[in-house]
Amino acid sequence: MRVAAILLAAGTGSRYAATSGSETPKQYVLLAGLPVIRHAAEALMPHVTCLQPVGHPDSLRDALDGLDTLPPVAGGETRQASVRAGLEALDALPDDQKPDLVLVHDGARPYVTATLVQNVIAALADHPGAIPAVPVADTLKREESGVIAGTVSRDHLYRAQTPQGFRFGLFRDLHRSASSLSATDDAKLLEDAGFSVALVRGDEDNIKLTYEDDLVRLERLIGPTLLPRVGLGYDVHAFEEGRPLILCGITVPHTKGLAGHSDADVGIHALCDAIYGALAEGDIGRHFPPSQNEWKDADSARFLVHAGQRIRERGGMLINADLTLICERPKIGPHAEAMRQRLADLLQVEIGRISVKATTSERLGFTGREEGIACTAAVSVLVP
């Protein structure tokens, strides 16, 4: 038996956009580093002969690059129209490649198990259609004008999921003869025509990405286990006449700057060392050797951007960073918020994850004698 799958990705995801503020259609949002729809495609492909994506062709080609799928076809104005487009594309295949069975799956359902797919396919031996479904567990209320108008019995009620499976020829013919394009559920066409549709056990984790909170649940299911790591950084630079004073990416008015091969931003240098330490990737000198003229008078912001990229490339995330600048002068307090914002921007995190504060050494040591500035940094990151 040849089994094809139609993977739907033509929707705009308005409810997800409203709760998340994302302009990216939900099926293309990144989940564990890959588009949601790619997870869905990879889950289906071991069980089917061919996979037909339906949606915006350019977006689908990018999201599914490298996967052995059929060429994407454009979707329609409704779900039913998009399914019809997928069916016609499959029907245009040579006779020896046309499927006997077809699955229809939402591109926004990335976590579908092999057992669920196989159970749907197996049910088509005895029924012309089959869908996975989960019994309704919560009490249902009917609403009118914002108040309860009655309680609805949940007996024999199920929540339909995908992939839904059908015998290809029958399903194609029912779509071609449909008098409207309003069906939101693939099985509805068979129900209306009097054909039996089997219910197979669904999966509570077969989540359709609809709201922002759904993405958090899916990340727990699909994403790697993240382990906490802590990094510590320390740096010191002496004062030098004739140079601007750059601290945490901000130019601070002062009579002297700091001496160093780059712009000598002691705050960013300590923070980079803390991040590299948490990742077990050495220190800032390993990545940007002071022996190389390329980094002479360089903007240290470049170093911190690289450190932040390394966290993301490792599949991790920065939890927080805490910096303490140690100096008698200048006063750091008036500039601390601007420093926090600059560091947050460079690391691509919200400002609430960044702390910048200062202390003196009570006139003791080189900082007490105003010979230079020191900085300590501590970071916590989550890394697979």
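**Reading the labels**

Mentor: The protein chain carries 38 positive and 50 negative side chains, and the centres of the two sets lie 2 Å apart; Lys and Arg count as positive and Asp and Glu as negative, with His and the chain ends not counted, and each charge is placed at NZ of Lys, CZ of Arg, CG of Asp or CD of Glu. This is a predicted model, in which local features need pLDDT of at least 70 and side-chain atom pairs count only at pLDDT 80 or more, while totals for chains, interfaces and linings use all residues. Residues are numbered from 1 along each chain as its sequence is written, and side-chain values use heavy atoms, leaving out hydrogens and water.

Trainee: Why is leucine 318 called buried?

Mentor: Buried means under 20% relative accessible area, with a 1.4 Å probe and protein chains only; leucine 318 has 7% relative accessibility, and therefore counts as buried. Of the 384 residues of the protein chain, 47% fall in that class.

Trainee: Which residues is leucine 318 in contact with, leaving aside its neighbours within four places in sequence?

Mentor: Taking contact as heavy atoms within 4.5 Å, leucine 318 touches, among others, Ile311, Leu347, Val349 and Val381.

Terms used: Buried means under 20% relative accessible area, exposed over 50%, partly exposed in between (1.4 Å probe, protein chains only).
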